[in-house]
Amino acid sequence: MSGDARETATALGLAWAPELPALPNRGLLASLPMQYARRHLVLPLGPATGRLTVAVADPMALAPLDDLYFLYERPIEPLVVPAAVLRAAIDRAYDDAARAEPGAAAALRDELDRPLELGEGGLETFAERPDLLDADDEAPVIRLVNALLTDAAKARASDIHIEPYERALVVRFRIDGVLHDVLTPPPRLAAALASRVKIVAGLDVAERRLPQDGRLAVRIGGQDVDVRVSIVPTAFGERVALRLLQRSDAGRALEELGMTAALVDRVAVLLRRTHGILLVTGPTGSGKTTTLYAALRRVADGSRNLMTIEDPVEYQLPGIAQMQVHPRIGLTFAAGLRAVLRQDPDVILVGEIRDRETVEIALQAALTGHLVLATLHTNDAASAMTRLLDMGVEPYLIASSVVAVLAQRLVRRVCATCGAAGCAACRQTGFHGRTGIHELVIVDERLRARIMARDDAATIRRDARAAGTIPLRDDGLAKARAGVTTEAEVLRVTQEGD
């Protein structure tokens, strides 16, 4: 095989060597994951500046060389060596880096504003790519990504933001819905951090001009965490957003979401229906998906066929068929919903209603013997009706299909340790965790008449409250009086009309 590679290299005018002429430059390994080097059999040798000599085993494999060109932003000079020689060199190079870990870690701590430690209960393995985040033999940038994931999980963060600016690189965590600055690495690490995230999320390392989305699964402190990755190009580099989805959240019941006992009973009655559509509304990050999953778990008794169409599938639910949309190949919410309807479903979850076609199919399904659960982006429950009208849906279809609308927000809980004074447990914020506040509008005959007359949201809201609907803000203020949250927090997340 090495003879074939040598002949191919000679035919292509590439350099050939039976052994590595020099040891690899350890500094170059910081940006290249070991698993990538092993998979593609590539190893950067040096020098530190100018044209970069890269040892390769397959002279015809151009894609990895393109990746390294964009990763190091330098011209690449391939050097073809036997595969066995290169494989042994890769193992030796990364083993040497691992043995030098104390010095590398010290250098990293000198560069950063504060030390990051994996510690006990840290990142243990990737469920899908277990070798990529092996903390025992990775370079400083890799350990930094590990530590960010671990610190975020320990801090109960829902998101990690890596934000490059003209003269700064900022890492922020979203904790209980609020962003906090946690780290300011050297700006020169921005490209390496983005490349590392791309590798572990299975994205194109060489693509820096277009947005990319991906996902991965990790185990942190014995807990399974799904991570959704979004990378977008900006004026000063690629901005990375990681959303951490704790799989344990998918197992929460309605009673654990902040609903009052009376509200849980009313929702339970709605879920026993054989047809109709129940909408859950609220802004992004308000817990709509968690609520719908809790609803599905409540009806998943084995007697009904449950199916979902989502973008993306955030959590795997046992006993429920889940479909992820792929708009690039034509699998939209509308197309997926049509396909699901041919699967004899009893309950259908539509992850998000975005267009007229999807909502009309969903409403027709609700009319023809299916219970449909779906999310919609509106400020409150009453606005859902006018939003559907604005999308061009006929009033009679809305009035005859929609049975209820549940609006919700998430408010921060007062820290049980310090009672809002601020302590180490709550990172001096006075809050620890979040709970929901809700507003449920049942579509009765009076509201159906309002919908048929195309009345505005204010009129529908007034009639709903006259019929007993508790507004979002009132539900929140009741929780504030009970000491669960504060009035200021309720006012922060609700609008004047809520």
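Predicted model: local features only at pLDDT ≥ 70, side-chain atom pairs only at ≥ 80, totals over all residues.

Q: Which residue of β3 is the bridge partner of L43?
A: Strand β2 is joined to strand β3 (residues 52-56) by four bridges, and the two run antiparallel. Within β3, the bridge partner of L43 is A55.

Q: Are helices α6 and α7 roughly parallel or roughly perpendicular to each other?
A: Two packed helices are described by the angle between their axes and the distance between the axes. Helix α6 (residues 140-154) packs with helix α7 (residues 190-200) at an angle of about 70°, their axes being 10 Å apart. Since angles of 65 to 115 degrees count as roughly perpendicular, α6 and α7 are roughly perpendicular.

Q: Which residues of α7 make the contact with α6?
A: The crossing in which α6 passes α7 is right-handed. From α6 the contact is made by V141, I142, L144 and V145, and from α7 by A192, L193 and R196.

Q: Is V402 buried or exposed?
A: V402 lies in strand β17 (residues 402-414), and touches I277, L279, L363, M385, L388 and V443, not counting residues up to four places away in sequence. Because its relative accessibility is 1% and the cut-off for burial is under 20%, V402 counts as buried.

Q: What distance separates the C-alpha atoms of V402 and M385?
A: M385 is among the residues that V402 touches. Along the chain V402 and M385 are 17 residues apart, and their C-alpha atoms are separated by 8.9 Å.

Q: How many disulfides does the structure hold?
A: A disulfide needs two cysteine sulfur atoms within 2.5 Å. The closest cysteine sulfur to that of C415 is in C418, at 3.7 Å, which is too far for a bond, and for C426 the closest is likewise in C418, at 3.8 Å, again too far. The number of disulfides in the structure is zero.

Q: Are C415 and C426 buried or exposed?
A: C415 has 2% relative accessibility and so counts as buried. For C426 the relative accessibility is 2%, and therefore C426 also counts as buried.

Definitions and conventions:
Residues numbered from 1 in each chain as written. Heavy atoms only, no water. Buried < 20%, exposed > 50% of the residue type's maximum accessible area, 1.4 Å probe, protein only. Pairing = 2+ DSSP bridges. Axes fitted to C-alpha atoms, helices over the stretch in contact; angles between N-to-C directions. Parallel < 35°, antiparallel > 145°, perpendicular 65-115°, else oblique. Left-handed = near helix turned anticlockwise from the far one by under 90°. Contact = heavy atoms within 4.5 Å.
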